[in-house]
Amino acid sequence: MTGDAGFNEVFFEDVRVPRRNLVGELNNGWQIANATLAHERNMLGSTTRTQETFQRLVRLAQTQRRNGGPASRDPVVRQRLADLAIRVETMKLEAYRQLTDALRGRAPGIAASVNKLVTTELNHDIARAALEILGSYGPLDRRSAHVRDRGVWPLDFMFSLGLIIGGGTSQIQKNIIAERGLGMPKEAKPR
Amino acid sequence: MMDFGLSGDQEALQRAARELLARECPPALVRATAKTADGIPRSLQAKMAELGWIGLAAPEAEGGLGLGTLELALVCEELGRVAAPGPFLPTQLVTAALVRAGSKAQRGRWLPRLLSGETLAALAYLEDTDRHDPAGITLAARRTRAGWQLDGAKLFVQGVPGADLLLVAARTGREGVSLFLVEAAAPGVRVRPEETVDLTRRVGEVRLRDVAVDRSALLGREGGGWPILARLLDLGAIGIAADSFGGAARALEMAVEYSRVRQQFGRPIGSFQAIKHMAAEMVAEVEPARSLVWYAAYAFDHRPGEASRAASIAKARLGDVFSRTVNRAVQMHGGIGFTWEHDLQLWFKRACWNEVAFGDPTFHRERLARIDRY
């Protein structure tokens, strides 16, 4: 959707690999892949980039003008920014707490799924807020003469939607949280 | 080393509090207390005093346990978990004010009675303007030969009726805010209960008419009340945020438990994705919010420069999260969740008060915007 080629499909046809390339034991790949997926969720759920993006959003709000003044003077925008700041802060502190738990050797449970679910949606909401602050400047492409922030916001808006889907959609994360985290019953199998 | 977790002692305190309150404060007690005149669960109150909870954060030299705001927040969380009635937090705030700014005589007179549970206290600061800033304080204190005379009205006073001791924020001169210790039984003090939806707390109006107090009633310096009060409001916000976290966690548990046993269309409703996803969304909001409460409580004691910011963040978030979580919990219960008979209503209504107490989410978001200079 973003026009970049990082997202693709890989086809395998009669590909031969030497036995030594087998990772772990035969027929045990799902466990290994699952562990990797937990790491992927945590990577997608990391707040480092989110904090940085939020700081850029604040700077945008302070420079972009709406109704004759900086957007950051508008009470509605301020509420929006503060709410996002609070959500960013929540996940930052929660990462510290989870890190401390990990250092103490406690099992993370479904934390990776919560991180992935919350942070990817938060990233998307930050980009969305930027587009709203930008108004008519929002959809301008990076080649436009009037573009703000080199057109990064509409790109970020689309890219962050991809990460809500990639690494297990939000809906999949919710299933994991409910079934593995809360022990809610599995869905009935279709007959 | 990075350490963002509870100590063994803190975990033990929280566990002990949870066990005690599960035993001593079941929903039946909450409902029974709601029918009493002053809303105070006397035997529970006595047990909490006996365990030293009232003086939890007071220094040992004053007869307290000498613990910190984080420990206090853990107890508040557990009180929220059982929707405990009674003026625990208001009494904490007045105790904290005495510890921080009280004269030797004031501390000697009031702290032993407060810590033993004999005296209950309330902080009277809001007025009909509902402003949480110095401009909101207009109740007049005039100098007299013997001390001061207080005239005016306070609204939304939590722990009233029932409190014996009131800490009243008043205006002295044109600029100053000063704090006064006023006994609820003093001549000219009239306390009227306010009707609220929250069955677990008492909120009232306090009218002061020609109330004469002597010089020893002034807490701190004349005109020096606001910094003390501002600190109390942050502490109150943290206490309510912790209470909200406990309430939200309990509402989520109740909803999940119900979804596992309630059958519809021949299977438990918890097996439907619509219900599962609602529960997962609650988890995604509630679980990480714990860190906000812990950090705000820690910052209150150890990071004075960040304390107000952290308190506002915790209060804004938990105000939203508790209300939303308990609302979804009612929906997950369906019709039974909307009945008087079901206990969930106790938390739903408590959330209404928690959301606005010590500043609603909108107030705290704007305060954050100002602190962070947007």
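Tutor: Let's start with the contact in this predicted model. On the α9(B) side you'll find K315(B), G319(B), F322(B), S323(B), V326(B), N327(B), A329(B), V330(B) and H333(B), and they meet L344(B), W347(B), F348(B), R350(B), A351(B), N354(B), E355(B) and V356(B) of α10(B). Sort the residues of that contact by type and you get 9 nonpolar, 5 polar and 3 charged. As for the geometry, α9(B) covers residues 304–333 and α10(B) covers residues 344–356, and the two pack at an angle of about 155° with their axes 9 Å apart. Angles over 145 degrees count as roughly antiparallel, so that is how α9(B) and α10(B) lie to each other. Their crossing is left-handed.

Now for the charges. Over all chains, the structure holds 45 salt bridges. One of them joins R367(B) to D234(B), with the closest N and O atoms 2.7 Å apart. That pair ties together distant parts of the chain: R367(B) sits in helix α11 and D234(B) in helix α7, 133 residues apart. R367(B) is buried, at 18% relative accessible area, and D234(B) is buried too, at 5%.

Another pair in chain B is E257(B) with R250(B), whose closest N and O atoms are 3.9 Å apart. Here E257(B) is partly exposed at 39%, and R250(B) is partly exposed at 21%. Both belong to a network of salt bridges that also links R18(B), E78(B), R81(B) and E253(B).

Definitions and conventions
Residues are numbered from 1 along each chain as its sequence is written. Chains are lettered from A and ligands numbered from 1 in the order in which they are written. This is a predicted model: local features need pLDDT of at least 70, side-chain atom pairs count only at pLDDT 80 or more; totals for chains, interfaces and linings use all residues. Side-chain values use heavy atoms; hydrogens and water are left out. Axes are lines fitted to C-alpha atoms, for helices over the stretch in contact, and angles run from 0 to 180 degrees between N-to-C directions. Helices (H or I, at least four residues) and strands (E, at least two) are DSSP runs, numbered from the N terminus. Angles under 35 degrees count as roughly parallel, over 145 as roughly antiparallel, 65 to 115 as roughly perpendicular and the rest as oblique. A crossing is left-handed if the near helix is turned anticlockwise from the far one by less than a right angle, and right-handed if clockwise. Contact means heavy atoms within 4.5 Å. Ala, Val, Leu, Ile, Met, Phe, Trp, Tyr, Cys and Pro count as nonpolar, Asp, Glu, Lys and Arg as charged, and the others, Gly among them, as polar. A salt bridge is a side-chain nitrogen of Lys or Arg within 4 Å of a carboxyl oxygen of Asp or Glu. Buried means under 20% relative accessible area, exposed over 50%, partly exposed in between (1.4 Å probe, protein chains only).
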